[in-house]
Amino acid sequence: MCGISAIYILDKKGRVLISRNFRTDIPSNIQDIFNKKILEYDEYSVKYEYYSCRPIILDKEDNLFFFHRHVDLIFLAISKKNNNAVMVFNFLFNFIDVLQSYFKEVQEESIRDNFVIVY
């Protein structure tokens, strides 16, 4: 994943459970920017149900947010580059599959209890 700048696992309220920054090209408060964007996105998708499945958000500073909601978690990959979205989502889904093979159920509690294994 040459273009991913960071990976975050967030709980359903948007708080960071685990984060890993690979590059220094994104601000340190990027999860707060994502939380604001996701609130705007949710309000927009309620009005226009056609757009409710859009899993990529681009902000005005060219940050690309690739996210997937799984049970009560949000798996988030952030990039500044124009990545192959299929590869990013393939990585996220494979990551979730690996976590499921370890924990059976990937939930907030299992992430918190097994922090060292996930990190």
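A residue is termed buried at under 20% relative accessible area, exposed at over 50% and partly exposed in between, with a 1.4 Å probe and the protein chains only. The structure described here is a predicted model, in which local features require pLDDT of at least 70, side-chain atom pairs count only at pLDDT 80 or more, and totals for chains, interfaces and linings use all residues. Residues are numbered from 1 along each chain as its sequence is written, and side-chain values use heavy atoms, with hydrogens and water left out.

The protein contains four helices and five strands. Helices (H or I, at least four residues) and strands (E, at least two) are DSSP runs, numbered from the N terminus. In order from the N terminus, these elements run β-β-α-β-β-β-α-α-α. Of the 119 residues in the protein, 41% are buried. Among contacts (heavy atoms within 4.5 Å) with a separation of 6 or more, 46% involve residues 24 or more positions apart. The accessible surface, computed by the Shrake-Rupley method with a 1.4 Å probe, where for residues only the protein chains shown count as cover, comes to about 7,500 Å². Carbon and sulfur atoms hold 52% of this surface.

Strand E1 (residues 4-11) is mostly covered, eight of its eight residues being buried. Strands are taken as paired if DSSP finds at least two bridges between them. By this criterion E1 runs antiparallel to strand E5 (residues 73-79), to which seven bridges join it. Within this pairing, Leu76 of E5 is the bridge partner of Tyr8. E1 also pairs with strand E2 (residues 16-21), again in the antiparallel sense, over five bridges. Here Leu10 stands opposite Val16 of E2. Four residues lie between the strands in the hairpin of E1 and E2, where Gly14 adopts a positive phi near 90 degrees. In a regular strand, side chains alternate between the two faces of the sheet.

Ile9, a residue of E1, is buried because its relative accessibility is 2%. Beyond its neighbours within four places in sequence, Ile9 contacts Arg15, Val16, Leu17, Ile18, Leu73, Ile74, Phe75, Phe95, Ile111 and Val118. The C-alpha atoms of Ile9 and Ser19 are 6.4 Å apart, with the two residues ten apart in sequence.

Nonpolar cores were defined as sets of buried Ala, Val, Leu, Ile, Met, Phe, Trp, Tyr and Cys residues joined through side-chain atoms within 4.5 Å. The largest such core has 20 residues, and Ile9, Leu73, Phe75, Leu99, Ile111 and Val118 have the most contacts inside it. At least two residues of this core come from each of E1, E2, strand E4 (64-70), E5 and H2. H2 provides the largest share, seven residues. Apart from this core lies another, of 14 residues, which includes Tyr8, Leu10, Ile38 and Ile57. As for Val118, its contacts are Ile9, Ile18, Phe95, Leu99, Phe103 and Ile111, residues up to four places away in sequence not being counted.

Gln31 belongs to helix H1 (residues 30-47). This residue counts as buried because its relative accessibility is 16%. Leaving out residues up to four places away in sequence, Gln31 touches Tyr8, Leu10 and Val16.

Two salt bridges are present in the structure, a salt bridge being a side-chain nitrogen of Lys or Arg within 4 Å of a carboxyl oxygen of Asp or Glu. Side chains of opposite charge can pair when their charged atoms come close. Asp11 is buried, at 0% relative accessibility, whereas Arg15 is partly exposed, at 47%. Another joins Glu108 and Arg112, at 3.0 Å from N to O. Both of these residues lie in helix H3 (residues 108-113), four residues apart, or about one turn of the helix. Glu108 is buried, with a relative accessible area of 17%, while Arg112 is partly exposed, at 48% relative accessibility.

On the surface, Val98, Tyr102 and Ile117 form a nonpolar patch with about 320 Å² of accessible area together. Patches are made of residues with over 30% relative accessible area and no salt bridge, like charges being joined within 9 Å and nonpolar side chains (Val, Leu, Ile, Met, Phe, Trp, Tyr) within 5 Å. Tyr102 is located in helix H2 (residues 85-103) and is classed as exposed because its relative accessible area is 56%.
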